[in-house]
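Open the model in a viewer and keep the selection panel at hand. The stops below are meant to be taken in order.

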Amino acid sequence: FDILEMKGVLCGFEVDLQQDISKNNFNDNISLAGEITIDTQAAIKNLPESICNKIEDYAIGSKYKFTGKWSISQDKQQDFLSAVHFNGIVTANEFLFKGYQFDKLISHLEFDSDRALLRDFQVNDQAGTLKIEKMDCYKARDQAWRFLAPSTQIVGFRPSLLKEEGKPRA
């Protein structure tokens, strides 16, 4: 089957996707382009347990917008997460991470079930700017996720301006 358009809001997901006419839907893959916004707190009950655990471990919160191209395999032997590939931009405003609220996140992201490659990752905040040119996150043979970011730069870091979740900025 084909999906020509997906649009709506359900369980923390806001979806606005159209069939990607620049790609032929072959090999049982559905190609879509557009945006999916995920409200992590509303969606957490509907995500795979492994993702929920990471969201809770890292205290991740906010709405994350994924804008780009999606490929979904129709192979019925795969679970949904294994069937999804994304290539595009991820953004977030006023997002939570590890008990702190940051102003803005933007990165290019290429994702499939075993790997996430982030390029030009940047967090901008009054407390400073974090820049990572390239970050490779991959699932190792032991099924643990590994993170490799050979070049990380923090500019203008002012710890006193970090904003704790639920508290005003100092």
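This tour of a predicted model goes from the core to paired strands, then to a loop residue and the salt bridges.

**Stop 1: the core.** Select Leu32, Phe66, Trp70, Phe95, Leu105, Leu109 and Phe121. Out of the 31 residues in the largest nonpolar core, these touch the most other members. Now colour β2 (13-19), β3 (29-39), α2 (49-57), β4 (63-73), β5 (84-97), β6 (100-112), β7 (115-125) and β8 (128-139); at least two core residues come from each of them. The biggest contribution is from β5, which gives five residues.

**Stop 2: Leu109.** Centre on Leu109 and show its contacts. Setting aside residues up to four places away in sequence, Leu109 touches Phe66, Phe86, Asn87, Gly88, Val90, Ala116, Leu117 and Leu118.

**Stop 3: strands around Trp70.** Show β3, β4 and β5 as a cartoon. β3 and β4 are antiparallel partners, with 11 bridges between them. β4 also pairs with β5 in the antiparallel sense, over nine bridges. Next select Trp70 in β4: Leu32 stands opposite this residue, and in β5 its bridge partner is Phe86.

**Stop 4: Leu162.** Move to the loop between β10 (152-155) and β11 (163-164), where Leu162 sits. Is Leu162 buried or partly exposed? Its relative accessibility is 22%, so Leu162 counts as partly exposed. Beyond its neighbours within four places in sequence, Leu162 is in contact with Tyr100, Phe102, Ala127, Phe157 and Arg169. For a sense of scale, draw a C-alpha to C-alpha distance from Leu162 to Ala43: 27 Å in space, for residues 119 apart in sequence.

**Stop 5: salt bridges.** How many salt bridges does the structure hold? There are eight. Begin with Asp20 and Lys69, whose closest N and O atoms are 3.2 Å apart. Asp20 is in the loop between β2 and β3 and Lys69 in strand β4, so the pair links distant parts of the chain, 49 residues apart. Asp20 is buried, at 5% relative accessible area, whereas Lys69 is partly exposed at 39%.

Then select Lys65 and Glu35, which form a salt bridge with closest N and O atoms 3.8 Å apart. Because Lys65 lies in strand β4 and Glu35 in strand β3, this pair ties together parts 30 residues apart in sequence. Lys65 is partly exposed at 32%, and Glu35 is partly exposed at 31%.

Go on to Arg146 and Asp142, whose side chains meet in a salt bridge at 2.7 Å, N to O. Arg146 is partly exposed, with a relative accessible area of 33%. Finish by selecting Asp103, Asp125 and Arg169, which salt bridges with shared partners join into one network.

Notes:
Residues numbered from 1 in each chain as written. Predicted model: local features only at pLDDT ≥ 70, side-chain atom pairs only at ≥ 80, totals over all residues. Heavy atoms only, no water. Core = buried A, V, L, I, M, F, W, Y, C linked by side-chain atoms within 4.5 Å. Buried < 20%, exposed > 50% of the residue type's maximum accessible area, 1.4 Å probe, protein only. Helix = DSSP H or I, 4+ residues; strand = E, 2+ residues; numbered from the N terminus. Contact = heavy atoms within 4.5 Å. Pairing = 2+ DSSP bridges. Salt bridge = Lys/Arg side-chain N within 4 Å of Asp/Glu carboxyl O.
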